[in-house]
Amino acid sequence: MIADTRSRIEDDARRGERVAAILGLALGMSFTVCFATGVYSHLAQHPPGWFTLSARPAGLYRVTQGLHVATGIAAIPLLLAKLWSVYPKLFQRPPVRSIPHALERLSLLPLVGGSLFLLFSGVANIELWYPLPFFFPTAHYWVAWLTIGALVVHIGAKLPAVRRSLSPAGIDDDPPAVRNDRRRFLLSVGAASGILTVLTVGQTVRPLRRLGLLAPRDPDVGTQGFPVNNAAIEAGVVDAATDPGWRLRVVGAVAQPLELSLADLQAMPQHESTLPLSCVEGWSVSKRWGGVSLRALLALAGAPEGASVHVRSLGRGLFDQSDINSVQAADRDTLLALRVGDEPIALDHGFPIRLIGPNRPGVMQTKWLSELEVVA
Ligand SMILES: Nc1nc2c(c(=O)[nH]1)N[C@H]1C(S)=C(S)[C@@H](COP(=O)(O)O)O[C@H]1N2
Ligand SMILES: [Mo]
């Protein structure tokens, strides 16, 4: 009899409105940051006409994408706990009380399904595992809109209940045993979320690097001491990149098309800049790069003021080319890098030259360049 009562109290504590409201609030905040930073990443990679990716602050994308991955990871324990806490409500009778109630229940389908899909596909992606039969960025992006739409409906429907259960008056009626159980449950969920985040965020937050036990990448490990996502062998560029006949062509809207050898580029004025390489998958490193300023090369070729550039590389894959908008092309730190630290850039990092510019997603820091097409 006592045990019976006790387990009921425990269940009540962890499955009550207050727990649902607190977990919901935490999830709402992490999803909002995750969504906003995700949209920014999408705009950066697929800019519509009204959007120009800035060049400054140079490390902005490093922060936004770090936050995107960190808030997504932090949300995993929160979501699992929330689902566990509220799922008995799915079987409440009557299943539907009114039309708004029916709509609210219907919106749980895209909300729960979408959230699970986003967190699962996001984690799979940072682990470089693509088990799903569609193109990750497109699916992840559109499901995010669906999920956020459902989240807005859900918050609208639950706001009165959240207000009620989080008002100071609402809690005082609960016996201390219930309050303790609830506190213990929420603290464990919060701790799980915090620990998971701390064990991965070291892939981009330098001081936490040694704690990054669950991080897929150690930013200090790889050729020349930092990670390689797509190696030269995998990209099939080894022969073309090491061919002494390699040339960088500058073509398109220029007064003087150019064809430059590695020696030509080395003979040009060299510019140095410390810039992060920030992968969309959440790891980042900051390096000192040296090479030819893109804008110096554009001036040499007689490119018009305000030109943008499409860069091509020796590879033939989806990520073997990228666009540089006019703002980034004019920035003195947008480099055709020949060197990293005190060494010539290694083959896996883009030899003979790679693009590295301020505030660009890693996937747009194209390696093994072969052609710059200037667009007026
Ligand atoms: N040509 C080419 N450049 C590329 C890629 C690629 O697949 N092909 N991958 C990009 C990605 S996703 C990242 S994060 C960075 C990684 O740079 P690193 O291998 O030099 O560390 O290079 C970018 N440049
Ligand atoms: Mo990347």
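Guide: Let us start with the naming of elements: helices (H or I, at least four residues) and strands (E, at least two) are DSSP runs, numbered from the N terminus. The model is predicted, so local features need pLDDT of at least 70 and side-chain atom pairs count only at pLDDT 80 or more, while totals for chains, interfaces and linings use all residues. Residues are numbered from 1 along each chain as its sequence is written, and side-chain values use heavy atoms, with hydrogens and water left out.

Visitor: How many helices and strands does the protein have?

Guide: There are 13 helices and 10 strands. The C-alpha atoms fill a box of roughly 85 × 45 × 35 Å along the principal axes. Of the 376 residues, 45% are buried; buried means under 20% relative accessible area, exposed over 50%, and partly exposed in between (1.4 Å probe, protein chains only).

Visitor: How is a cavity to be read?

Guide: Rolling a probe the size of a water molecule over the atoms shows where empty space is left. On a 1 Å grid over the protein atoms alone, a cavity is a set of points where a 1.4 Å probe fits but cannot get out, and lining residues have an atom within 4 Å of a point. Grid points are joined across faces, edges and corners, and a volume is the space filled by probe spheres set on the points.

Visitor: Which element gives the largest share of the lining of the largest cavity?

Guide: That element is H5, with 4 residues. Helix H5 (108–126) and helix H6 (136–166) are the elements that give two or more residues to this lining. The lining includes Phe-117, Trp-129, Tyr-130 and Phe-136. It divides into 9 nonpolar, 2 polar and no charged residues, where Ala, Val, Leu, Ile, Met, Phe, Trp, Tyr, Cys and Pro count as nonpolar, Asp, Glu, Lys and Arg as charged, and the others, Gly among them, as polar.

Visitor: What is the volume of the second largest cavity, and how does its lining divide?

Guide: The volume of the second largest cavity is about 40 Å³, and its lining has 4 nonpolar, 5 polar and no charged residues. H3 gives the most to that lining, with 4 residues. Among the lining residues are Gly-66, Ile-73, Thr-200 and Gly-282.

Visitor: Are Glu-281 and Arg-217 buried or exposed?

Guide: Both Glu-281 and Arg-217 are buried.

Visitor: What does the salt bridge between Glu-371 and Arg-312 tie together?

Guide: The closest N and O atoms of Glu-371 and Arg-312 are 2.6 Å apart. Glu-371 counts as buried at 14% relative accessibility, whereas Arg-312, at 28%, counts as partly exposed. Elsewhere, salt bridges that share partners join Arg-206, Arg-209, Asp-218 and Asp-220 into one network.

Technical notes. Chains lettered and ligands numbered in written order. 1 Å grid on protein atoms, 1.4 Å probe; cavity = no way out; pocket = protein on both sides within 12 Å on 5 of 7 lines; lining within 4 Å. Salt bridge = Lys/Arg side-chain N within 4 Å of Asp/Glu carboxyl O.
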